[in-house]
Amino acid sequence: MMGVPGLRWLLQGGLLCLAIVLMAGPASAASDNVLVLGRISDNPKSHYAQLQPLLDYVVPRMRDVGITEGRILMAPDAQQMASYLRRGRVDWVTETSGTAVALGLRSGAQPLLLTERSGVRDYHTVFFVRRDSTIATLADLKGHTLALQNVASTSAYLVPVMTLLQQGLTPEILLSARDAAAPDTVGYVFARSEGNIATLVHKGVVDAGAVSSVDWTDGHRIPATFRRDFRVIHRTEPYPRAVEMVRAGLDERVRDRLQAVLLEAASDPKAQDALQTFFGTSGFHRVDAQMQHRLDELKQGLARVRMEVE
């Protein structure tokens, strides 16, 4: 039976997605002259508008490697997108780092570039409590409750949970925010948004919260009136903000040319509007040794979270 996310995806954008899927051609593979950009989406109409301008910028600059057309193919979840990547239906996908490594594990897709959004290349997770809380360290979270966002979040689920595991703690999901954590666990609940996480902590419904460093300093997501009542107890190491991934088996000439075009885009005035529309992208950067190490950590952490928590 179809779950709620899948049903919502069909209701909100099914007709648009159907049109995009039909344009994407046969199920076996995309045509050699077509570059297919993919996106995991529960709002295809909105995301299509964000993807198309950059695709329109990229394709004309790839004619020397045989690319003459660009298409968009969306999927309702990471499992479906991994299938598209494995079967050659999608060539290139942009995602947060946690989802990117999940796609890599499921499909063999590889990082092409790191994505800088709104001037930020990397971010970290911030664990916080009320200022009057007795909790001072991560170890003190044992027997207490923690608000996270949802399982798709890198900074507000994957990184916090893998960090707790690394600290020898036992994360355990609770039925509701009003539930108590077992004495030997850290009970966590999903709040669905950063604002809800902050509200649950501020009202004392849960003992702690975890959000990205970007959201921590964003007054629209964590109001300043709330933040002054909070205290940070831990900051993790930084992880890439987002990653451009390409499928395994993509022609090396196409891969290298796509990489070059994206790297040059930030300095090209003709690309600025398309980049801004592309989720506020301010540039692309090569994957250096430090960030590759962080991606490898996320990959290992994801495998452990799936084995011990999910």
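Buried denotes under 20% relative accessible area, exposed over 50% and partly exposed in between, with a 1.4 Å probe and protein chains only. The model is predicted, so local features need pLDDT of at least 70 and side-chain atom pairs count only at pLDDT 80 or more, while totals for chains, interfaces and linings use all residues. Residues are numbered from 1 along each chain as its sequence is written, and side-chain values use heavy atoms, without hydrogens and water.

**View 1. Helix 11, residues 289-308.** Helices (H or I, at least four residues) and strands (E, at least two) are DSSP runs numbered from the N terminus. Helix 11 has 20 residues and spans 28 Å from first to last C-alpha, close to the 28 Å expected at 1.5 Å a residue (1.5 Å times one less than the number of residues).

View 2. Met291, Arg294, Leu295, Leu298, Gly301, Leu302 and Val305 are its buried residues. They lie on the same side of helix 11 because their arc around the axis is only 125 degrees, taken from the directions from the helix axis to the C-beta atoms. Exposed Ala289, Gln300 and Met307 sit on the face turned away from the buried side.

**View 3. Packing of helix 11.** Partners of its buried residues include helix 4 (97-107), helix 5 (154-166) and strand 13, with contact meaning heavy atoms within 4.5 Å.

**View 4. Strand 3, residues 92-96.** Four of the five residues of strand 3 are buried. Strands pair if DSSP finds at least two bridges between them. Strand 1 (residues 34-40) runs parallel to strand 3, with two bridges; Gly38 has Val93 as its bridge partner. Strand 13 (residues 242-246) runs antiparallel to strand 3, with five bridges, and Glu95 stands opposite Val243.
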